[in-house]
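User: I have a chain open on my screen and would like to go through it slowly with you. Could we begin with the words we need?

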Amino acid sequence: MSRAIEAYLDRVLLYAKPRTADRRSEIRRELEGHLLEKVEAYEQAGLPREDAVFEALRDHGDARVVGYRLRPRFPWLDVRTTGTARGVVAIGPRA
């Protein structure tokens with residue numbers, strides 16, 4: 001596998017902060033599969049390997065954004081907003 005893909009996956013996992021080693025390896029395998037599929041598609045379209053890797057990483061998105069989206073959710077934090085005639089009312093533990 002490409003060093004660029006390895007570095008990208010390391011950065012994603014740095015931001016994702018998975019709680020267990022199993023979850024970490026699961027995320028890594030899934031992202032790696034997606035990236036390698038994209039690389040293969042670009043290679044079949046005629047791009048050289050290096051360019052295909054670059055385009056796949058660019059298409060996949062910023063490692064920070066992807067990692068933050070993979071972070072565990074906080075189920076105990078439920079903040080909802082409801083519109084009223086005079087404004088917005090926040091409902092939840094931090095309201």
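Analyst: A helix here is a DSSP run of H or I with at least four residues, and helices are numbered from the N terminus. Please keep in mind throughout that this is a predicted model. Helix H1 takes in residues 3-16, and it is followed by Lys17, whose phi is positive, near 50°.

User: And what about the start of H1, which side-chain atom reaches the backbone there?

Analyst: At that end, a side-chain oxygen of Ser2 comes to within 3.1 Å of the backbone nitrogen of Ala4.

User: How far apart are the end C-alpha atoms of H1, and what span should we expect?

Analyst: The 14 residues of H1 should span 20 Å at 1.5 Å a residue, and the end C-alpha atoms are 20 Å apart, so the two values agree. For H2, which has 24 residues, the distance from first to last C-alpha is 34 Å, close to the 34 Å expected.

User: Which residues of H1 are buried, and where do they sit around the axis?

Analyst: The buried residues of H1 are Ile5, Tyr8, Leu9, Val12, Leu13, Tyr15 and Ala16. They cover an arc of only 160° around the axis, which means that they lie on the same side of H1. On the other side of H1, Arg3 and Leu14 are exposed. The buried residues of H1 pack against helix H2 (21-44), helix H3 (49-60) and H4.

User: New topic: is Arg28 buried or exposed?

Analyst: Arg28, which is found in helix H2, counts as buried because its relative accessibility is 19%, and the cut-off for buried is under 20%. The side chain of Arg28 makes a polar contact of 3.0 Å with the side chain of Asp10. Leaving aside neighbours within four places in sequence, Arg28 is in contact with Glu6, Leu9, Asp10 and Leu13.

User: How many aromatic pairs does the search find?

Analyst: A search of the whole structure finds one aromatic pair. The ring centres of Tyr15 and Tyr68 are 5.4 Å apart and their planes are at 50°, so the pair is tilted. This pair links distant parts of the chain, since Tyr15 is in H1 and Tyr68 is in helix H4 (residues 63-69), 53 residues apart. Tyr68 itself is partly exposed, with a relative accessible area of 41%.

Conventions
Residues numbered from 1 in each chain as written. Predicted model: local features only at pLDDT ≥ 70, side-chain atom pairs only at ≥ 80, totals over all residues. Heavy atoms only, no water. Phe/Tyr/Trp six-rings, centres within 6.5 Å; stacked < 30°, edge-to-face > 60°. Helix = DSSP H or I, 4+ residues; strand = E, 2+ residues; numbered from the N terminus. Buried < 20%, exposed > 50% of the residue type's maximum accessible area, 1.4 Å probe, protein only. Expected span 1.5 Å × (residues − 1). Arc of directions from axis to C-beta. Contact = heavy atoms within 4.5 Å. Polar contact = N/O pair within 3.5 Å; in protein donor to acceptor, adjacent residues only side chain to side chain.
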